[in-house]
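Student: Can you walk me through this fold? I would like the strands and then the helices.

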Amino acid sequence: KYIELQKLSHVHILDNNRTRDEAYEINASPHAITISAQTSKGAFYAYKTLAFLKETRNGSNHLPVFTIRDQPRFPYRGLHLDVSRNFQPKKEIYKLLEVLSMYKLNTLHFHLTDDEGWRLEIPGIPELTAVGSTRCHDPQEEECVVPQLGSGASKTAYGSGYYTINDYKDILRYANDRHIRVIPEISLPIHTHAAKRAMEVRYRKYMNYGNKSAAHQFLLTDFEDKTEYLTMQMFKDNAINICMNSTYEFIRHVVRSIKDMHVDIQPLRTLHIGGDGMADVWSNSSDCQTQKIVNGVNDTHHLRQYFVSKVSKILDDEGLRMAVFEDVLSNENTLLNVTEISPKRDVMVLNWNNICEWGNGESAYKLANAGYNVVIGHATHLYLDHTHEPDPKERGASWASRYIDTRKIFGFVPSNIYYNPDQDSNNKPFTQIDICPSNGICTTLKRPENIIGMQAQVWTEAMRTVEELHEMIFPRLLGVAERAWHEALLERTEDKVERIRKTNEEWTSFSAALTKEFMRLDKMGVMYRLPPPGARLINGAVRVNTAFPGMHVEFSLDNEQTWSVVTTDMIIVGKEDVHFRTRSADGSRFSRVVTIKGN
């Protein structure tokens with residue numbers, strides 16, 4: 001009849017002090033529901049659980065007598081969202097935040113800048129959005145950056161857009177109300193094509209005014225540097241010069257501006273500076289030659305350390321923690337010393353590179369043992385830009401794994417990274433030496449407290465529309481949320497055969513529960529991917545199934561003109577082709593069609 005909220009000084013469900021501020025207890029008696037929590041976070045998650053229970057009972061206010069005691073395993077449970085490659089408007093960010101809160105994910109890693117676009121208004125530097133956020137046909141890139149990723153030649157087509165200061169503050173408020181921490185990312189020092197071009201336009205503008213000081217203030221380009229390089233994304237000019245003083249003036253100004261946007265809404269604590277794709281791209285820079293002489297920076301490894309230390313000092317002066325991708329911290333398997341980067345030894349690292357074929361199967365533990373706070377975002381299991389299944393008709397990449405489906409994510413074991421590698425890209429099983437190249441002797445995790453969480457990565461090169469974005473994120477994100485919150489029994493099983501058996505057993509239960517989640521997502525307008533049905537021809541008849549139990553399958557015998565629901569798992573095949581598709585829970589959307597050829 002009523003809900004009572006009780007604040008406790010101590011709610012401790014698991015043997016885990018790191019997340020007790022998010023723990024909660026719900027006691028439902030015949031007369032009342034009591035929520036006990038230490039903080040508003042715990043109370044919020046308790047209400048989310050109650051809302052879920054109500055929906056599972058078709059909205060009924062009558063609940064059984066029960067007690068729930070719950071607490072997450074990781075303090076960091078995140079989604080990385082790239083809005084640079086393809087921009088998404090504020091209302092779509094709201095929708096994603098709503099879903100994150102529903103599944104108790106507490107961090108949005110907001111990838112706001114990259115080669116293809118700068119997406120946040122920065123006061124005092126209007127060129128960043130006037131030029132850097134827009135794509136059009138302009139070979140000189142004086143008004144915009146060139147069309148990319150199928151964006152088209154018009155400024156109003158796909159690929160253009162940015163968040164005003166007020167937009168960004170609105171997003172922060174929306175996130176904060178749902179206990180989601182926003183970590184903005186300004187990608188440095190590579191992946192900066194849009195920013196470089198915008199600052200070159202600014203430079204020429206002020207030079208034309210005769211104001212040389214203003215022209216050089218935020219310049220990121222050494223025009224005399226003739227170093228040649230080509231990135232994985234086929235850019236020849238996407239690295240800022242890390243040896244110019246103006247580069248650090250630019251970084252300082254951007255950092256302070258973003259910090260100011262967070263004030264009184266969600267005070268900024270961590271800023272991500274990117275750092276992936278680091279390479280020797282300054283070998284012919286006269287400024288870097290000077291730095292080598294003045295500061296003893298005698299090779300690329302030390303030049304990298306010079307950059308990271310300088311940016312860390314800027315962030316430290318602002319009271320901020322630095323977050324990076326691991327690339328910027330290592331050179332030929334040699335890690336930078338965390339104490340040389342941050343006197344506070346407080347650096348957060350997103351560990352994406354666990355590719356065993358590249359010799360990186362142990363990287364997460366090496367980083368944690370070296371004193372870094374590690375967020376696991378392994379490309380082989382948590383990169384949601386990869387295909388759902390190994391089919392040429394599927395959208396997405398396959399460089400880290402031939403496919404990443406919800407089942408694979410559900411079976412991910414963050415508590416023991418050596419359980420996860422299975423087969424290489426050629427379907428050859430990994431050996432112990434493949435995973436741990438040092439004679440098969442694997443790095444032991446000596447500082448488990450430094451593994452602070454896990455995160456799914458969404459890179460949007462192949463996701464122009466909202467529908468495409470949703471289809472790549474969902475339902476896989478639900479597997480991420482489950483594994484980030486809950487340590488499954490399968491994770492504690494050393495025997496591989498038994499672990500696979502337990503994984504299959506737990507997956508059967510989890511996948512069955514997804515049916516109700518699909519109905520919830522439909523109501524929210526989330527266009528999750530509909531897996532096409534499986535179809536097998538057996539003695540002239542077809543047996544069909546679905547990736548998730550309870551999904552409806554339709555068939556057509558008249559070349560997709562009319563469709564009927566499959567009510568049995570057998571359809572007799574005659575002379576005509578038989579087409580099959582899966583239908584969404586609300587009946588409004590359909591999967592791609594699979595066809596069994598007729599006799």
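This is a predicted model: local features need pLDDT of at least 70, side-chain atom pairs count only at pLDDT 80 or more; totals for chains, interfaces and linings use all residues.

Student: OK, in what order do the strands close into a barrel?

Tutor: The order is β5-β6-β9-β10-β11-β14-β15-β16, eight strands with parallel pairing. Strands are DSSP runs of E with at least two residues, helices are runs of H or I with at least four, and both are numbered from the N terminus. Two strands pair if DSSP finds at least two bridges between them.

Student: And the twist from one strand to the next, what does it average?

Tutor: It averages 30°. Axes here are lines fitted to C-alpha atoms, for helices over the stretch in contact, and angles run from 0 to 180 degrees between N-to-C directions.

Student: How many bridges pair β5 with β6?

Tutor: Five, in the parallel sense, between β5 (residues 76-82) and β6 (residues 107-111). Gly78 stands opposite Thr107 of β6.

Student: Switching to the open sheet: which strands stand at the edges?

Tutor: The sheet has three strands in the order β17-β18-β21, with antiparallel pairing. β17 and β21 are the edge strands with a single partner each, so one side of each has no neighbour in the sheet.

Student: How many bridges join β17 to β18?

Tutor: Five, between residues 534-538 and residues 541-545. Leu537 has Val542 in β18 as its bridge partner. Two residues lie between the strands of this hairpin, and Asn539 takes a positive phi near 55° there.

Student: What about β18 and β21, how many bridges?

Tutor: Three join β18 to β21 (residues 570-572). Ala541 stands opposite Ile572, and Arg543 has Met570 as its bridge partner.

Student: Now helices. At what angle do α2 and α17 pack?

Tutor: About 155°, with the axes of α2 (residues 90-102) and α17 (residues 496-524) 11 Å apart. That makes α2 roughly antiparallel to α17, a label for angles over 145 degrees.

Student: Which residues make the contact?

Tutor: Lys95, Glu98, Val99 and Met102 of α2, with Arg520, Leu521 and Met524 of α17. Contact means heavy atoms within 4.5 Å.

Notes. Residues are numbered from 1 along each chain as its sequence is written. Side-chain values use heavy atoms; hydrogens and water are left out. Angles under 35 degrees count as roughly parallel, over 145 as roughly antiparallel, 65 to 115 as roughly perpendicular and the rest as oblique.
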